[in-house]
Amino acid sequence: MVRVKFRYLLGHVRWQTATKMNSLDISGIYHYLKNSVKLNFGEYAICRLGWTLNVKQYNPLTGLFIVRCSRSQMRQVWLSLTLLDEINSQKCAISIIHSAGTIRSCNLQAIKHTNNSLLVAKSLIQIKNEKQKHQKKKKKQKNKKLKNKYLTNIQVNKNKSKK
């Protein structure tokens, strides 16, 4: 008997709209993935995948999911996921972040990806706050200049009226 070797794909769903699809779950991803494989490669590819195609995890907050498939069919599943552009009538983009032989390594990569995303978001927020502070400071300086100009004009006018 031949041992079946699996591959695990870590994917990320990015929605085009700001609202995330909370109604999407593991069975929904499986359904759309299976339809995508059928559309792109036909019934024969679905039969070859058989019971090896499985969605192991999905996190709706981060949009990360893990798909298990046979090693020989990994490229077809990868391509089918990449070509999937609409889920539940909403536009989305799916990118594969990592492929591995164990689910553990996919989980570790998911943690790294989430941490990196949080760091990027934090730095973007800091940059935005610094820009806002800079704009406020610039506005204060502009107001101060206008105030000084106005006061100097008043003083000049008083001096002219005295003469």
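Q: In what order do the elements of the protein run from the N terminus on?
A: They run β-α-α-β-β-α-β-β-α. That gives four helices and five strands. Helices (H or I, at least four residues) and strands (E, at least two) are DSSP runs, numbered from the N terminus. This is a predicted model: local features need pLDDT of at least 70, side-chain atom pairs count only at pLDDT 80 or more, and totals for chains, interfaces and linings use all residues. Residues are numbered from 1 along each chain as its sequence is written, and side-chain values use heavy atoms, with hydrogens and water left out.

Q: How do strands of a sheet pair?
A: They pair through backbone hydrogen bonds, either parallel or antiparallel. Two strands count as paired if DSSP finds at least two bridges between them. Here, five strands form an open sheet in the order 2-3-1-5-4, and the pairing is antiparallel.

Q: Which are the edge strands?
A: Strand 2 (54-59) and strand 4 (86-87) are the edge strands. Each pairs on one side only.

Q: How many bridges join strand 1 to strand 5?
A: Eight bridges join them, and the two strands run antiparallel. Strand 2 and strand 3 pair over five antiparallel bridges. Gln57 has Ile66 of strand 3 as its bridge partner.

Q: What does buried mean?
A: Buried means under 20% relative accessible area, exposed means over 50%, and partly exposed lies in between (1.4 Å probe, protein chains only). Of the 163 residues of the protein, 26% count as buried. Strand 1 is mostly covered, with seven of its ten residues buried.

Q: Which residues of helix 3 are buried?
A: In helix 3 (residues 74-83), they are Met74, Val77, Ser80 and Leu81. Seen down the axis of helix 3, the buried residues fall within an arc of 130°, so they line one face of the helix. The arc is that of the directions from the helix axis to the C-beta atoms.

Q: What do the buried residues of helix 3 pack against?
A: Contact means heavy atoms within 4.5 Å. The buried residues of helix 3 pack against strand 1 (6-15), helix 1 (26-41), helix 2 (43-49), strand 3 (64-70) and strand 5 (90-100). Take Ser80 of helix 3. Ser80 counts as buried because its relative accessibility is 0%. Not counting residues up to four places away in sequence, Ser80 touches Leu33, Ser36, Val37, Asn40 and Phe41.

Q: Where is Gln73 found, and is Gln73 buried or exposed?
A: Gln73 sits in the loop between strand 3 and helix 3. Gln73 is buried, at a relative accessible area of 1%. Leaving aside neighbours within four places in sequence, Gln73 is in contact with Ala45, Arg48 and Leu49.

Q: Which residues does Lys56 touch, not counting residues up to four places away in sequence?
A: Lys56 touches Tyr8, Ile26, Ile66, Arg68 and Ile103. Lys56 is found in strand 2. Lys56 is partly exposed, with a relative accessible area of 32%. Lys56 and Val67 are eleven residues apart in sequence, yet 5.7 Å apart in space, C-alpha to C-alpha.

Q: What share of contacts joins residues at least 24 apart?
A: Count contacts between residues at least 6 apart in sequence. Of these, 73% join residues at least 24 apart.

Q: How many salt bridges does a search of the whole structure find?
A: A salt bridge is a side-chain nitrogen of Lys or Arg within 4 Å of a carboxyl oxygen of Asp or Glu. The search finds one. The side chains of Glu43 and Lys38 meet in a salt bridge at 3.1 Å, N to O. Glu43 is partly exposed, at 46% relative accessible area. Lys38 is partly exposed too, at 44%.

Q: Which residues make a nonpolar surface patch?
A: Patches are made of residues with over 30% relative accessible area and no salt bridge: like charges are joined within 9 Å, nonpolar side chains (Val, Leu, Ile, Met, Phe, Trp, Tyr) within 5 Å. Phe41, Leu79 and Leu83 make a nonpolar patch of about 240 Å². Accessible areas come from the Shrake-Rupley method with a 1.4 Å probe; for residues, only the protein chains shown count as cover. Leu83 is found in helix 3. Leu83 counts as partly exposed because its relative accessibility is 46%. The protein exposes about 11,900 Å², and carbon and sulfur atoms supply 55% of it.
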